[in-house]
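Work through the exercises below with the sequence and the 3D structure at hand. Try each task before reading its solution.

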Amino acid sequence: PTSALGTEPAGASRATLRGMADVFALLICRPPRKEYKIEELGPPNFSLGSLVCCRKDFELINKLGVKIKCSHYTPESATPVPAVIYLHGNSGSRVDADDLVDSFLLE
């Protein structure tokens, strides 16, 4: 049911509607971060066929003091390889890069 003006549900206060609008705006502008356990990244040492690889996890701290969680994947190789930096979206995580890591390490 709506009010006589047809603009808000009957019984809903303007403050309630504003609060709901703020919640919806936050879901769009700053959705909740994906939560995961470090185990979901897989073991730190792993094989892709005959290629042995490792993952080193570390943190960077930006100018605002915010901790940024990072993973550095490398093949065990004497030959230098290019670096690929993957940045996930604001509701993603390092787990999102899992499908890409294998293909980049194999190239």
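Helices and strands are DSSP runs, numbered from the N terminus: a helix is a run of H or I with at least four residues, and a strand is a run of E with at least two. The model used here is a predicted one.

**Exercise 1. The chain as a whole**

Task: State how many helices and strands the chain has, give their pattern, and find what percentage of the residues is buried.

Solution: 
1. Count the elements: the chain has 2 helices and 3 strands.
2. For burial, use the cut-off of under 20% relative accessible area. Of the 107 residues in the chain, 17% are buried.

**Exercise 2. The largest pocket**

Task: Describe the volume and the lining of the largest pocket, and name the element that gives the largest share of the lining.

Solution: 
1. Start with the volume: the largest pocket holds about 1,200 Å³ of space.
2. Turn to the lining, which consists of 35 residues. Those nearest the centre of the pocket are S71, Y73, V84, I85 and Y86.
3. Sort the lining by element. Two or more residues come from each of β2 (51–61), β3 (67–75) and α2 (98–106).
4. Pick out the largest share: β3 supplies 9 residues of the lining.

**Exercise 3. Salt bridges**

Task: Find how many salt bridges the structure has, and work out which residues are linked in a network.

Solution: 
1. Recall the general point: side chains of opposite charge can pair when their charged atoms come close.
2. Apply the cut-off, a side-chain nitrogen of Lys or Arg within 4 Å of a carboxyl oxygen of Asp or Glu.
3. Take D57 and R55. Their side chains form a salt bridge with an N to O distance of 2.9 Å.
4. Take R94 and D57. Here the closest N and O atoms are 3.3 Å apart. Because R94 sits in the loop between β3 and α2 while D57 sits in strand β2, this pair ties together parts that are 37 residues apart in sequence.
5. Take K69 and E59, whose side chains meet at 2.7 Å, N to O. K69 belongs to strand β3 and E59 to strand β2, so the pair ties together parts 10 residues apart in sequence.

**Exercise 4. A nonpolar surface patch**

Task: Name the residues that make the nonpolar surface patch of about 480 Å², and check the exposure of L60.

Solution: 
1. The patch is made by F58, L60, L64, V66 and I68.
2. Locate L60, which lies in strand β2.
3. Patch residues need over 30% relative accessible area. L60 has 44% relative accessibility and counts as partly exposed.

**Exercise 5. Apart in sequence, separated by how much in space?**

Task: For C53 and E76, F46 and P75, and E39 and V95, compare the separation along the chain with the C-alpha distance.

Solution: 
1. C53 lies in strand β2 and is buried, at 0% relative accessibility. C53 and E76 are 23 residues apart along the chain, with 5.5 Å between their C-alpha atoms.
2. F46 is in strand β1 and, at 16%, counts as buried. F46 and P75 are 29 residues apart in sequence and 9.5 Å apart from C-alpha to C-alpha.
3. E39 is in the loop between α1 (14–29) and β1 (45–48). At 59% relative accessibility, E39 is exposed. Between E39 and V95 there are 56 residues of separation in sequence and 9.9 Å in space, C-alpha to C-alpha.

Key: Residues are numbered from 1 along each chain as its sequence is written. This is a predicted model: local features need pLDDT of at least 70, side-chain atom pairs count only at pLDDT 80 or more; totals for chains, interfaces and linings use all residues. Side-chain values use heavy atoms; hydrogens and water are left out. On a 1 Å grid over the protein atoms alone, a cavity is a set of points where a 1.4 Å probe fits but cannot get out, and a pocket is an open set with protein on both sides within 12 Å along at least five of seven lines; lining residues have an atom within 4 Å of a point. Grid points are joined across faces, edges and corners, and a volume is the space filled by probe spheres set on the points. Patches are made of residues with over 30% relative accessible area and no salt bridge: like charges are joined within 9 Å, nonpolar side chains (Val, Leu, Ile, Met, Phe, Trp, Tyr) within 5 Å. Accessible areas come from the Shrake-Rupley method with a 1.4 Å probe; for residues, only the protein chains shown count as cover. Buried means under 20% relative accessible area, exposed over 50%, partly exposed in between (1.4 Å probe, protein chains only).
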